[in-house]
Amino acid sequence: MARRNEFVRMSWWEVAPYLTMQDVAALQSELKRLYPTLVMFPRSHHFHELGQEPRRPDFVDDMVEHFKPKLNAAGKYAHNYALALRVPWPEDIATGNPQRLIGRPHRRPYQDSKEAFRRFGRTVYFKAPTTECGMMLCGITIEPPPAAVAAALKIPEKAIPPFRILASLGGFRAELPYDTEDPEVTAFAKTVSGILSRQAVRTSCTYDGMTREPVFTSSHLPISKSFLQRCAIEPGLHLHLGGVYQGRLLFCGPTPAQRWKWRREAGLPPEPKPAPLQVPKFLPHESLKWSRENSQQRIPVDLHVAMNKMANRAMYEHVAAQTIGFVPSADIPVPTILPETDIWEGARKAEEQLRLFEAGVITVYPGTESLQRRLDEIEAKRSKRSLKQSKPRE
């Protein structure tokens, strides 16, 4: 971050991996194993400016149960506020005062002194900021009908295998501001970072859905290792749909090396592993460029909308079955998480204008017309004001 604390050599570590509830449970279990005195409470006790989150601290027993999506009586998804996980200092425990286990309130990382940082101590904050994150945490998958996909992509149905894909990605955010000159807190930060790093991978593969022939591997934000392991083991399960290339339907999932390793560990027959140099490795911007230049057919809007509706329905049914006391009703509409209308029309129009500009068909760069009109209006007002001020007073 651009700002800094003049009293403390501060680092603000932050990451938002795509995790599932299985990962959150493993994270909680490992932290409690390493730090038996760990306590959990609302993040708002440290950061009071967050408004709607509870101000008075109540200890939370189970992070998994807390972040599990729930429905209220109106059929809307309930808000899950962020949590703070703190390892109290021995002197906090010795007082016997539960309030001391939380540290101190009113945290201001860019203004706090070294003593204040020490009081807040070994604390990491977790939050699931969107309902899409809840969809990812639940591991919601959808199974679009091959006939509908074939019709939308205009390819033979026999080229489409039965498949399931992850409904949506959503980052489970973790953050930890700490004093880098405090060795105990720094060790805690490295421990949390190490646990999360072991739970996620940053590389996946785009491949032919029928033959599993890899097209390229790419790096990206950290994605749940446990879900990619499921993709390697369970038939027909993929991370997401990738489009059409040379008449073949592409999917994204584990790399050949990952798939070979995880299938062997599960006692399944490993598949042939191609030599590393045979599969191109792309950075995120390179994979995006390849997709734009080589994809014969992107996922049509109608198919996107249809899959979003399936995902919203699957999420609603999953959460409704787990929410105690909630009774589904035909009068309660399915809450919308993913858009069920064409929200990409403006982006497509801008992209088409950019293509025409690059081809020389139009001479004005897309988006500059309204800007130029606004600049002309401002200039006209300035000229009118200057002319009025220059007139001599009678």
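The charged end of Arg 43 is placed over the ring of Phe 47, 4.2 Å from its centre, and Arg 43 also lies over the face of Tyr 125, at 5.3 Å from the ring centre. A charge is taken to sit over a ring if NZ of Lys or CZ of Arg is within 6 Å of the ring centre and within 35 degrees of the ring normal. The model is predicted, with local features requiring pLDDT of at least 70 and side-chain atom pairs counted only at pLDDT 80 or more, whereas totals for chains, interfaces and linings use all residues. Residues are numbered from 1 along each chain as its sequence is written, and side-chain values use heavy atoms, with hydrogens and water left out.

Across the whole structure, 10 aromatic pairs were found; rings of Phe, Tyr and Trp (its six-membered ring) pair if their centres lie within 6.5 Å, with planes under 30 degrees apart counted as stacked, over 60 as edge-to-face and the rest as tilted. Tyr 35 and Phe 188 form an edge-to-face pair, 5.3 Å centre to centre with 65 degrees between the planes. This pair links distant parts of the chain, 153 residues apart: Tyr 35 is in the loop between α1 (21-34) and β2 (39-42), and Phe 188 in helix α7 (residues 183-199). Helices (H or I, at least four residues) and strands (E, at least two) are DSSP runs, numbered from the N terminus. Tyr 35 and Phe 188 are buried, that is, under 20% relative accessible area, where exposed means over 50% and partly exposed in between (1.4 Å probe, protein chains only).

Phe 47, in the loop between β2 and α2 (63-67), is 78 residues from Tyr 125 in strand β4 (residues 122-127), and both residues are buried. Phe 216, Tyr 245, Phe 282 and Trp 290 make up one aromatic cluster.

In helix α6 (residues 146-153), the buried residues are Val 149, Ala 150, Ala 152 and Leu 153. Viewed down the axis of α6, these residues fall within an arc of 165 degrees and therefore line one face of the helix; the arc is that of the directions from the helix axis to the C-beta atoms. The buried residues of α6 pack against β11 (240-245), β12 (248-253) and α11 (301-322), with contact defined as heavy atoms within 4.5 Å.
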